[in-house]
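Q: I'd like a close look at one part of this model, namely how its charged side chains pair up. Please start with the fold as a whole and then zoom in.

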Amino acid sequence: MTVDALTDVAGLRVGHATRTGDGWLTGTTVVLTPPGGATAAVDVRGGGPGTKETDALDPRNLVQKVEAIVLTGGSAYGLDAASGVMAWLEEQGRGVRVGADPAHVVPVVPAACVFDLGRGGDFHARPDAATGRAAVESADASRPGAPVPEGCVGAGTGAVVEQIKGGVGTASAVLDSGITVAALVVANAAGSVVEPETGALYGELLLGRTTYPSAGAHAAAQQHLAGLAAENAPPPLNTTLAVVATDADLTRARAQKLAGTAHDGIARAVRPVHLLNDGDTVFALATGDRPLATGNPLALNEILAAGADAVTRAIVRAVRAAESVDGPGGAWPSYEELYGRR
């Protein structure tokens, strides 16, 4: 039974740590792989990325697999969350062996951050190592195949997409071959997810799943957002982060191709995208449980297409699941508040 989430890729688990109130509006999300790790890759296309250990994922370099991926709020400060994940993994003896003693490991924990500084009111309220540890412990405590909480949780807690509330979303698909492809996204873009003429979500238009808002609802939403624009400082830095995963057996080079084409899923749902003040980053994970069809050099294509589609659907779900925020750091209405539920 699938749950339309990243956890439909067997062995992957997701945990969130969320901080709100008293100046906080931020958090961290951890994707935990099965023991022994998963093949990983990354593709960075935003002009202002904040990342850690992404060079280790270059197929030309030594590291073959990773035990976890960290997505976090707090901008570059929030990358400290990865240290808490590393410490937990070391305690479990999980990481790159660097000696004869099984306890001598160095966990490689790639991480990327979104900008949400000050959105809860306190510029200094941001994730740290303790937040990362709480997120990975949450992932470890979850059951295999569990649904993944969406919306204003984890790294999506303080996320904003242009002027509306962003968040975490996830989606999956099982291909005719039996291979599963899934994505988890933190939507926090400088661009918009809303078509300006109609108020429809770009992602839903491309997926063919939308009902257009009424002209009156769209006019009221635009008026409301225009009023808030005078109160909220324009977001100086933003980022959409994604993890796209599959149970297919991919080489590191093929995983990198998957990370690259998954950016198409962002471009379908957010416009404009990959700006200088975005840090758009996509990680790819392959657990290797299912072989690709032998003798077909194009067998990867259906995985690439499905990965991009999953990212688009995950962004739509992130925006649909988000809840409005009105606090000392600013006011960001949710799409559902502006336009109502389908």
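Among contacts in the protein chain between residues at least 6 apart in sequence, what percentage join residues at least 24 apart?

A: Quick ground rules before the details. This is a predicted model, where local features need pLDDT of at least 70, side-chain atom pairs count only at pLDDT 80 or more, and totals for chains, interfaces and linings use all residues. Residues are numbered from 1 along each chain as its sequence is written, and side-chain values use heavy atoms, with hydrogens and water left out.

On your opening question: 78% of the contacts between residues at least 6 apart join residues at least 24 apart, a contact being heavy atoms within 4.5 Å. The protein chain holds 7 helices and 17 strands, taken as DSSP runs numbered from the N terminus (helices H or I, at least four residues; strands E, at least two). Of its 342 residues, 56% are buried; that label means under 20% relative accessible area, with exposed over 50% and partly exposed in between (1.4 Å probe, protein chains only).

Now the charges. You get 25 positive and 36 negative side chains, with the centres of the two sets 4 Å apart. Lys and Arg count as positive, Asp and Glu as negative, while His and the chain ends are not counted; each charge sits at NZ of Lys, CZ of Arg, CG of Asp or CD of Glu. Searching the whole structure gives 13 salt bridges, each a side-chain nitrogen of Lys or Arg within 4 Å of a carboxyl oxygen of Asp or Glu.

Take arginine 45 and aspartate 43: their closest N and O atoms are 2.8 Å apart. Arginine 45 counts as partly exposed because its relative accessibility is 38%, whereas aspartate 43, at 17%, is buried. Arginine 60 bridges to aspartate 58 at 2.6 Å between the closest N and O atoms, and arginine 60 is exposed, with 73% relative accessible area.

Then there's arginine 290 with aspartate 247, at 3.5 Å from N to O. This pair links distant parts of the chain: arginine 290 is in strand E15 (residues 281–290) and aspartate 247 in strand E14 (residues 241–248), 43 residues apart. Arginine 290 comes out partly exposed at 36%, and aspartate 247 is buried at 7%.

Finally, a network of salt bridges ties together Asp4, Glu150, Arg313 and Arg317.
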